[in-house]
Amino acid sequence: MLAYYKNGARLTGEAIRRLVDGLCKQAGITKKMSPHRVRHSAITTVLDLNNGNYRATQRFSRHAQVQTVLKYDDNRQRLQKQMSDSISELI
């Protein structure tokens, strides 16, 4: 796993969560955000952009099993797609 450092000290998981939450607030995202939610939105957006290509999305997400990616595909048909679209517009 990639380690993140600030002033020579490794950031904790909680520090990374706070960083993501703060950056999302600065971007005007009112929903409570976390690193996992950002990752989930990115994976769902990749599925949208490549027309549901599971294998390409699996490589992007680095999931060991394609079945995990299928769960994201189920979600993208509902509210998750709207959230992903909103987040991708901000980037």
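Reader: With which side chain does K25 meet in a salt bridge?

Author: The model is predicted, with local features requiring pLDDT of at least 70 and side-chain atom pairs pLDDT 80 or more, whereas totals for chains, interfaces and linings use all residues. Residues are numbered from 1 along each chain as its sequence is written, and side-chain values use heavy atoms, leaving out hydrogens and water. A salt bridge is a side-chain nitrogen of Lys or Arg within 4 Å of a carboxyl oxygen of Asp or Glu. At 3.3 Å, N to O, the partner of K25 is D21.

Reader: Is D21 buried or exposed?

Author: The classes rest on relative accessible area: buried is under 20%, exposed over 50%, and partly exposed in between (1.4 Å probe, protein chains only). K25, at 52%, counts as exposed. D21 has a relative accessibility of 8%, and its class is therefore buried.

Reader: How many residues apart in sequence are the parts that the pair D21 and K32 ties together?

Author: The side chains of D21 and K32 meet in a salt bridge of 3.4 Å, N to O. D21 lies in helix α1 and K32 in the loop between α1 and α2; helices are DSSP runs (H or I, at least four residues; strands are E, at least two), numbered from the N terminus. The pair therefore ties together parts whose separation in residues is eleven.

Reader: Which residues are linked with E14 in a network of salt bridges?

Author: The side chain of E14 meets that of R17 at 2.7 Å, N to O. These two residues stand three apart in helix α1 (residues 13-26), a separation of about one helical turn. The network that includes E14 also holds R17 and R18.

Reader: Which residues does V38 touch, not counting those up to four places away in sequence?

Author: V38 lies in helix α2 (residues 35-49) and is partly exposed, at 34% relative accessible area. V38 and V20 are 18 residues apart in sequence and 8.4 Å apart in space, C-alpha to C-alpha. With contact taken as heavy atoms within 4.5 Å, the residues touched by V38 are V20, C24 and M33.

Reader: Within what arc do the buried residues of α3 fall, seen down its axis?

Author: Helix α3 (residues 54-61) has T57, Q58 and S61 as its buried residues. They line one face of the helix, because their arc, taken from the directions from the helix axis to the C-beta atoms, is within 105 degrees.
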